Amino acid sequence: GRASGSFGGKTISVEVRALNSKLTDLKMRLPADYKEKEIELRKLITDHAERGKLDVIVEVQNADGAALVSLNESLFRGYHRELSRLAADLNIPPTDILPAIMRIPNVVAASTGEIDEPEWEAICKVVTTTLDHLRTFRRQEGRALESDLRLRVANILINLSEVTPFEKERFARMRERLRNNMEEAFGKDNLDTNRFEQEILYYLEKMDITEEKVRLEQHCKYFIEQVENKNGQSAGRTLNFISQEMGREINTLGAKAYDAEIQKLVVQMKDELEKIKEQLANVL
């Protein structure tokens, strides 16, 4: 975000650059005059920007474009006199003396005048306008993120719906495999039907994924509800928590799948979920 304004004979320019970050990391470059207001300025910026790695540059110039600086003439003359003498003694061309003196500390210094309240209000106004521009860019990014998150959740729900046709088939395969194993172990005539049915019920209960499917679908719906929430509050942490719950249900689906086709769908859901988590690092 960038903005500029004027106050008296001064031009105020402010630039804010933000990178995604879970925490607030604020770095500011201010003229010396505004150091006493740094704490207030930090609060103003963090209240508007909420979080992120923020670089803020505040520049103040005279109306003619010159920076507000002062030259320590006595110090400059002293350095010039001594350096000119050394240059003459050592037969060094004096052409480079002036740039060298200008780089010496304390020769050129920023103006250290006092800031009155009207000037401070003008600074705050420009900073606020800059942060509004930053927020506009963030909203544009947010709309793109929202579209991508909706797509990923929709893909998870599609994969989830494709699990159902394979459920009955895996039950039939499990029943047949278990019967064959017991017949081989005990003989077909010695098979205890009641015991066999108990084993079948045990495996059917162990393989049942109805609860996981219902919970995952509910988590997906709740995720979209939070994406659509327009109450002005940050949703990033909430969405992150929901994505963790989605991951637990998907992992449980994979553990209870006992079917290659369902495992393929689980892998696809995990891939979509990872993309969601990557994007959530950019969501406030």
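Colleague: At what angle do H7 and H8 pack, and how far apart are their axes?

Modeller: In this predicted model, H7 and H8 pack at an angle of about 160°, and their axes are 9 Å apart.

Colleague: Why are H7 and H8 called roughly antiparallel?

Modeller: Angles over 145 degrees count as roughly antiparallel. The angle between H7 and H8 is about 160°, and the two helices are therefore roughly antiparallel to each other.

Colleague: Which residues make H7 and H8 count as being in contact?

Modeller: Contact means heavy atoms within 4.5 Å. From H7, the residues that meet H8 are Glu212, Lys213, Arg215, Leu216, His219, Cys220, Tyr222, Phe223, Gln226 and Val227. Their counterparts in H8 are Thr238, Leu239, Ile242, Glu245, Met246, Glu249, Ile250, Thr252 and Leu253. By class, the contact of H7 with H8 holds 10 nonpolar, four polar and five charged residues.

Colleague: What makes H8 and H9 roughly antiparallel?

Modeller: Helix H8 covers residues 236–255 and helix H9 covers residues 260–280. They pack at an angle of about 165°, with axes 10 Å apart. The cut-off for roughly antiparallel is an angle over 145 degrees, and H8 and H9 are therefore described in that way. H8 passes H9 in a left-handed crossing.

Colleague: Which residues form the contact of H8 with H9?

Modeller: H8 contributes Leu239, Asn240, Ser243, Met246, Gly247, Ile250, Asn251, Leu253 and Gly254. H9 contributes Gln263, Val266, Met269, Lys270, Leu273, Ile276, Lys277 and Leu280. These residues divide into nine nonpolar, six polar and two charged.

Colleague: Why are H1 and H4 called roughly parallel?

Modeller: The axes of H1 and H4 cross at roughly 25° and come within 10 Å. Angles under 35 degrees count as roughly parallel, and H1 and H4 are therefore roughly parallel to each other. Their crossing is right-handed.

Colleague: Which residues of H1 and H4 meet?

Modeller: Glu40, Leu41, Leu44, Ile45, His48 and Ala49 of H1 meet Trp120, Cys124, Val127, Thr128, Leu131, Asp132, Arg135 and Arg138 of H4. The contact of H1 with H4 has eight nonpolar, two polar and four charged residues.

Colleague: What is the volume of the largest pocket, and which residues lie nearest its centre?

Modeller: The volume of the largest pocket is about 1100 Å³. Its lining has 37 residues, and Arg138, Arg139, Gly142, Val283 and Leu284 lie nearest the centre.

Colleague: How do you know which element supplies the largest share of the lining of the largest pocket?

Modeller: Strand S2 (10–19), helix H1 (38–49), helix H4 (117–161) and helix H7 (210–227) each supply at least two residues of that lining. The largest share, 12 residues, comes from H4. By class, the lining of the largest pocket comprises 15 nonpolar, 13 polar and nine charged residues.

Colleague: How much space lies in the second largest pocket, and which residues are the closest to its centre?

Modeller: The second largest pocket holds about 390 Å³ of space. It is lined by 13 residues, and the closest to its centre are Lys22, Arg51, Gly236, Arg237 and Val283.

Colleague: Which elements give two or more residues to the lining of the second largest pocket, and which gives the most?

Modeller: H8 and H9 are the elements that give two or more residues to this lining, and H8 gives the most, with four residues. The lining of the second largest pocket consists of five nonpolar, three polar and five charged residues.

Conventions:
Residues numbered from 1 in each chain as written. Predicted model: local features only at pLDDT ≥ 70, side-chain atom pairs only at ≥ 80, totals over all residues. Heavy atoms only, no water. Axes fitted to C-alpha atoms, helices over the stretch in contact; angles between N-to-C directions. Parallel < 35°, antiparallel > 145°, perpendicular 65-115°, else oblique. Left-handed = near helix turned anticlockwise from the far one by under 90°. Nonpolar A, V, L, I, M, F, W, Y, C, P; charged D, E, K, R; others polar. 1 Å grid on protein atoms, 1.4 Å probe; cavity = no way out; pocket = protein on both sides within 12 Å on 5 of 7 lines; lining within 4 Å. Points joined across faces, edges and corners; volume = space filled by probe spheres on them.
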